Amino acid sequence: MIRLGITGTDTDVGKTMIGTVLLAMMRNRGLRVAAMKPIETGVKADDPESDAVRLRDAAGQNDPLDTVRPILMAEPLAPWVAASRSGGLLDLNALETAFQTLSEGRDAILVEGAGGLLVPVTRDLAWDGLFVGWGLDLVVVAGNRLGALNHTLLTVRAAHDAGLRVRGVVLNAMGPDPRGIAISTNLEALVELLDPVPVLPFPWIRKDRPIEYAVEIAEENGFETLIAPRNAPEK
């Protein structure tokens with residue numbers, strides 16, 4: 001079974017977009033896939049554009065939204081902080097039950113975290129620990145902007161320190177007309193600094209473009225390495 005975790009170097013770097021593309025690529029290969037957004041913060045339960053809804057739709061399944069997204073919090077904060085402010089405790093058992101349910105009968109599961117890898121889920125558990133416990137390989141999404149080198153290197157180092165296998169880094173364009181010396185040099189620098197971890201570019205795509213368009217670009221840019229079975233040779 002292919003088990004993928006998606007994390008970002010920061011918030012709003014395109015994790016969900018990349019997640020939907022990877023789900024579509026796996027479906028195109030005939031795989032039965034599941035998507036999970038264990039905790040979503042800062043959205044309403046009926047938001048049709050929420051990360052959880054977008055991921056579930058990309059997986060092409062009829063999984064209940066309460067299973068895809070077991071925990072929903074109103075405030076746009078780290079889960080531990082949001083739970084503390086609401087006076088409640090975050091139910092890790094609910095996350096575990098949902099993950100096991102979604103994994104049953106599937107060839108692959110993709111789990112998207114909230115924010116970055118070390119965002120606290122509870123006082124003593126961040127996304128890195130949750131991903132390790134579920135045996136996930138990691139895909140890191142980095143926004144291509146000033147600061148990307150530091151943020152990406154820190155994230156990959158933290159992942160390796162936690163014992164996570166990093167399948168690759170996606171360097172995601174943050175706008176339709178990227179300019180600046182940092183943006184133009186980040187890819188080459190990260191390829192050299194992170195070798196042998198693959199660093200794959202992804203352009204900015206308008207929201208009205210069909211998913212097939214994004215998948216075609218991803219295939220051309222080598223995203224297959226991010227969804228290869230564990231026993232397949234890495235490129």
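**Figure 1. Arg85 is an exposed residue, at 58% relative accessibility, and its salt-bridge partner is Glu75.** The structure shown is a predicted model. The closest N and O atoms of Glu75 and Arg85 are 2.7 Å apart. Arg85 belongs to helix H4 (79-86), whereas Glu75 sits in the loop between strand S4 (71-73) and helix H4. The two residues are ten residues apart, and the pair links distant parts of the chain. Glu75 has a relative accessibility of 29% and counts as partly exposed.

**Figure 2. Arg165 and Asp137 meet through their side chains in a salt bridge.** The N to O distance is 2.8 Å. Arg165 lies in the loop between H7 and strand S9 (166-173), and Asp137 lies in strand S8, 28 residues apart from it. Asp137 is buried, with a relative accessible area of 1%, while Arg165 is partly exposed at 22%. In a further group, Lys37, Asp51 and Glu112 are joined into one network by salt bridges that share partners.

**Figure 3. A salt bridge between Arg145 and Asp10 ties together parts that are 135 residues apart in sequence.** The closest N and O atoms of this pair are 3.6 Å apart. Arg145 is found in the loop between strand S8 (137-144) and helix H7 (148-162), and Asp10 in the loop between strand S1 (2-8) and helix H1 (15-28). Arg145 is partly exposed, with a relative accessibility of 32%. Asp10 is likewise partly exposed, with a relative accessible area of 32%. The count for the model comes to 14 salt bridges.

**Figure 4. Six strands form an open sheet with parallel pairing.** The order of the strands is S2-S5-S1-S8-S9-S10. Strand S2 (33-36) and strand S10 (199-202) are the edge strands, each pairing on one side only. On average, neighbouring strands of this sheet are turned by 25 degrees against each other, direction ignored. Within the sheet, S8 and S9 run parallel and are joined by seven bridges. Val140 stands opposite Val169, a residue of S9.

Methods:
Residues are numbered from 1 along each chain as its sequence is written. This is a predicted model: local features need pLDDT of at least 70, side-chain atom pairs count only at pLDDT 80 or more; totals for chains, interfaces and linings use all residues. Side-chain values use heavy atoms; hydrogens and water are left out. A salt bridge is a side-chain nitrogen of Lys or Arg within 4 Å of a carboxyl oxygen of Asp or Glu. Helices (H or I, at least four residues) and strands (E, at least two) are DSSP runs, numbered from the N terminus. Buried means under 20% relative accessible area, exposed over 50%, partly exposed in between (1.4 Å probe, protein chains only). Two strands pair if DSSP finds at least two bridges between them. Axes are lines fitted to C-alpha atoms, for helices over the stretch in contact, and angles run from 0 to 180 degrees between N-to-C directions.
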